[in-house]
Amino acid sequence: MRFSQSLIPTLREPPANAEIPSHILLLRAGMIRQLASGLFTWLPLGVRVLQKIERIVRQELTKRGACEILMPFVQPAELWRESERWDAMGPDLARLADRHKNEYCLSPTHEEVVTDLFRNNISSYRQLPCNLFQINTKFRDEIRPRFGVLRSREFIMKDAYSFHLDEETFNETYRAMYDAYSAVLERLDLEYRAVQADPGLIGDGESHEFHVLAQVGEDALAFSENSSYAANVERAEAIAVGARPDPSHQLEKVSTPGIASIDSLVQFLGIERDQVAKTIVARGANSPIALVLRGDHELNELKAARLPDVLQPLQFASDAEIERAFNCRPGSIGPVGTEVPVYVDRAAANLSDFACGANENDFHYTGVNWERDVACDRVVDIRRVREGDPAPDGSGPLSIVRGIEVGHIFQLGTKYSKSMQASVLDSDGKNTYPLMGCYGIGITRLAAAIVEQRHDDIGIDWPIEAAPATVHIISLNAERSELVQQTAEKVYDECLGAGVDAIYDDRSERPGVKFADADLIGIPHRIMIGERGMQRNQVEYRFRRGEIEAIAPSSVVERLRS
């Protein structure tokens with residue numbers, strides 16, 4: 001690739017509409033341009049990055065027995081109605097109709113299509129297990145696209161789907177795909193974590209997310225530095241520490257005029273937040289449901305949504321609903337004496353002599369104790385873990401880091417095979433619904449995640465296997481020296497002839513401009529050819545931001561290979 005023949009519109013200044021490093025640097029390095037909100041055009045250098053990432057993904061999946069297919073981007077609505085997701089996906093699903101008024105959607109994912117493919121082509125257990133993947137465009141109508149290609153509406157993704165007759169072969173494939181994703185991220189030289197996760201609307205069982213660690217990551221991850229335990233904080237188990245102390249105070253109702261928050265209550269009573277039990281009210285199938293946590297803890301809504309009788313999706317009661325159920329304003333509610341079902345978080349269940357609302361306006365209780373003053377027969381894990389909490393496996397304290405989710409693998413069970421009647425005959429000749437797995441990894445998101453983790457003040461630092469090229473060749477003032485021009489051309493041709501991917505900056509630009517662009521683009525190896533070096537039959541070689549080394553032009557390919 002020659003600069004003079006390519007579209008590489010680098011920018012000197014950060015664009016006004018870009019907030020995070022990957023968005024800024026991909027724009028400045030001339031790799032992407034925005035068409036509309038959440039829609040991007042990938043330019044030649046960016047396309048090369050995507051192709052390199054796709055190649056790695058293909059290699060790791062085919063190595064583990066997955067077969068590549070390509071499914072339509074536009075999908076018929078009837079398939080989504082079969083799986084009961086046409087309405088469940090809500091506004092994220094972009095819908096359209098053709099001239100015959102047939103309804104379709106732009107693909108956000110392909111579970112329905114691949115299940116339809118399976119049921120029409122596979123009928124016997126002898127054809128299982130089956131693992132299919134594609135690399136294709138997806139569209140999800142994000143309510144607020146942001147962060148460039150990290151959260152865009154249209155993106156490129158690798159999605160795979162496996163079908164199994166039994167748990168044993170499914171677990172083998174799930175582990176193989178887990179290993180494949182780990183191998184992809186290791187080849188990209190990224191620091192990452194594979195964590196236990198919630199399957200959301202897609203899955204129906206165990207799932208793992210793969211996160212590239214970065215400060216701009218939207219997800220918080222909890223992990224133990226002393227073991228392999230790691231989970232998204234939404235999924236991480238919060239365990240109680242120690243036993244509940246014996247009661248030492250009597251129950252007392254205290255007048256608390258105007259007190260309606262935890263902060264004002266602890267200040268009024270002169271106590272700490274962890275001596276208060278706060279009550280949050282969710283809507284239930286038959287009545288409101290009280291969720292009790294320690295005052296210094298935060299409700300984990302995903303955990304709360306899994307409780308029996310809680311309406312799906314999780315909804316919180318209105319002030320009017322709370323007043324009808326507790327006969328007081330929200331700031332005075334508590335578990336003592338209420339008739340609604342009460343679920344108590346594990347840490348809150350360990351409290352003794354605590355304070356809580358008295359279910360009477362402007363009054364609270366102090367000296368409250370479980371069992372003596374209020375029942376505690378529904379103890380659950382409903383809080384969000386935090387830094388320093390004990391790991392569930394007993395390995396030590398949890399650390400919290402930010403991560404960019406780049407991959408997600410799901411156990412689907414028979415969610416789609418059963419709803420879409422995709423059955424096979426087993427060895428006894430009986431119809432059975434196969435178990436399914438789903439495995440997604442974002443190609444465009446991976447490109448942005450690499451930049452987020454691997455950049456400095458002057459530009460990107462691409463890993464070798466994902467860089468737009470292996471070597472960046474720069475000729476300095478070639479228009480004034482025929483020898484410089486001839487040597488640069490020869491080095492470029494020798495690199496291409498040896499299968500070394502090269503970019504040659506053959507522009508008539510000042511050296512400073514060329515060096516700034518090279519730093520910005522961030523190709524690992526760099527060869528600089530100038531008049532002064534040519535007087536000694538030498539070119540300058542540099543790896544990343546390292547020291548400059550003088551080598552002979554004829555040894556460039558050998559040096560790159562070594």
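Biologist: Is Ser 162 buried or exposed?

Modeller: Ser 162 is buried, with a relative accessible area of 0%. Buried means under 20% relative accessible area, exposed over 50%, and partly exposed in between (1.4 Å probe, protein chains only). This is a predicted model, where local features need pLDDT of at least 70 and side-chain atom pairs count only at pLDDT 80 or more, while totals for chains, interfaces and linings use all residues. Residues are numbered from 1 along each chain as its sequence is written, and side-chain values use heavy atoms, with hydrogens and water left out.

Biologist: Which strand is Ser 162 found in?

Modeller: Strand β8, residues 154-164. Strands (E, at least two residues) and helices (H or I, at least four) are DSSP runs, numbered from the N terminus.

Biologist: And what does the side chain of Ser 162 make a polar contact with?

Modeller: The side chain of His 164, at 2.8 Å. A polar contact is a pair of N or O atoms within 3.5 Å; within protein, one must be able to donate a hydrogen and the other to accept it, and residues adjacent in sequence count only if both atoms are side-chain atoms.

Biologist: What else does Ser 162 touch?

Modeller: Leaving out residues up to four places away in sequence, its contacts include Cys 130, Asn 131, Phe 170 and Tyr 439. Contact means heavy atoms within 4.5 Å.

Biologist: Switching to helices: how do α2 and α5 cross?

Modeller: The axes of α2 (residues 44-62) and α5 (residues 167-187) come within 9 Å and cross at roughly 145°. Those axes are lines fitted to C-alpha atoms over the stretch in contact, and angles run from 0 to 180 degrees between N-to-C directions.

Biologist: Which residues make that contact?

Modeller: From α2, they include Ile 56, Val 57 and Leu 61, and from α5, Met 177, Ala 180 and Val 184 are among them.

Biologist: How many residues of α1 are buried?

Modeller: Seven of the eight in α1 (residues 21-28), so that helix is mostly covered. They pack against β1 (32-36), β2 (39-42), α11 (443-453) and α13 (511-521).

Biologist: What percentage of the whole chain counts as buried?

Modeller: 53% of its 562 residues. The chain has 15 helices and 28 strands.
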